[in-house]
Amino acid sequence: MERSKVLSALSALAHESRLDLVRLLVPRGDEGMAAGDIARTLGLSASRLSFHLSALEQAGLIRSRRVSRNVIYSADLSGIGGAISYLLADCCMDHPQVLACCGASARHALHRVAEGDAAPRITDPESGTPDPDR
């Protein structure tokens with residue numbers, strides 16, 4: 001992956017709503033989610049959501065497709081993986097300590113999924129605590 005693409009991806013992810021968006025879409029795979037459902041889930045206005053979706057799509061982290069009258073968004077897992085791979089291989093030079101931390105996080109995530117917890121952690125914007133309604 002080119003350096004400019006990675007910088008664009010990292011810049012796009014450096015926003016709370018965009019990170020929540022990626023966390024929401026990744027577990028849904030290629031099925032994705034309609035824009036209106038995303039807005040309701042994350043509590044974003046249509047214009048705000050459109051702004052964030054555009055930034056993530058331009059950065060190669062999500063993709064969209066039209067299904068009848070809906071626009072469905074899904075995570076671009078190769079784009080996300082490419083940015084992470086660049087960080088690990090090119091920036092961190094596969095340093096063993098960095099890889100060990102990544103491995104521990106991956107094992108923890110796999111354990112959560114095995115326990116049936118594949119949902120992203122959406123938090124209440126006012127309190128910062130996990131929102132059970134989302």
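Guide: The sheet is open and has 3 strands in the order β1-β3-β2, with antiparallel pairing; strands are DSSP runs of E with at least two residues, helices are runs of H or I with at least four, and both are numbered from the N terminus. Two strands pair if DSSP finds at least two bridges between them. The edge strands are β1 (33-34) and β2, each of which pairs on one side only.

The model is predicted, so local features need pLDDT of at least 70 and side-chain atom pairs count only at pLDDT 80 or more, while totals for chains, interfaces and linings use all residues. Residues are numbered from 1 along each chain as its sequence is written, and side-chain values use heavy atoms, with hydrogens and water left out.

Strand β2 (residues 62-67) is joined to β3 by 6 bridges, and the two run antiparallel. In general, strands of a sheet pair through backbone hydrogen bonds, either parallel or antiparallel. Here the bridge partner of Ser 64 in β3 is Tyr 73, and Arg 65 stands opposite Ile 72 in β3. The hairpin of β2 and β3 has 2 residues between the strands, and in it Ser 68 takes a positive phi near 50°.

Ser 74 also belongs to strand β3. Why does Ser 74 count as buried? Ser 74 counts as buried because its relative accessibility is 3%; buried means under 20% relative accessible area, exposed over 50%, and partly exposed in between, with a 1.4 Å probe and protein chains only. Leaving out residues up to four places away in sequence, Ser 74 touches Leu 25, Gly 29, Asp 30, Gly 32, Ile 62, Arg 63 and Arg 65, where contact means heavy atoms within 4.5 Å.

From the sheet one may turn to the helices. Helix α4 lies across β2 and β3 and runs at about 115° to β2; such angles run from 0 to 180 degrees between N-to-C directions, and axes are lines fitted to C-alpha atoms, for helices over the stretch in contact. The axes of α4 and α2 come within 10 Å and cross at roughly 70°. α2 is therefore roughly perpendicular to α4, since angles of 65 to 115 degrees count as roughly perpendicular, under 35 as roughly parallel, over 145 as roughly antiparallel and the rest as oblique. Their contact is made by Ser 17, Arg 18, Leu 21 and Val 22 of α2 and by Leu 49, Phe 51, His 52, Leu 53, Ala 55 and Leu 56 of α4.

Apart from its neighbours within four places in sequence, Leu 49 is in contact with Leu 21, Ala 35, Ile 38, Ala 39 and Leu 44.

Along the sequence the pattern is α-α-β-α-α-β-β-α-α.
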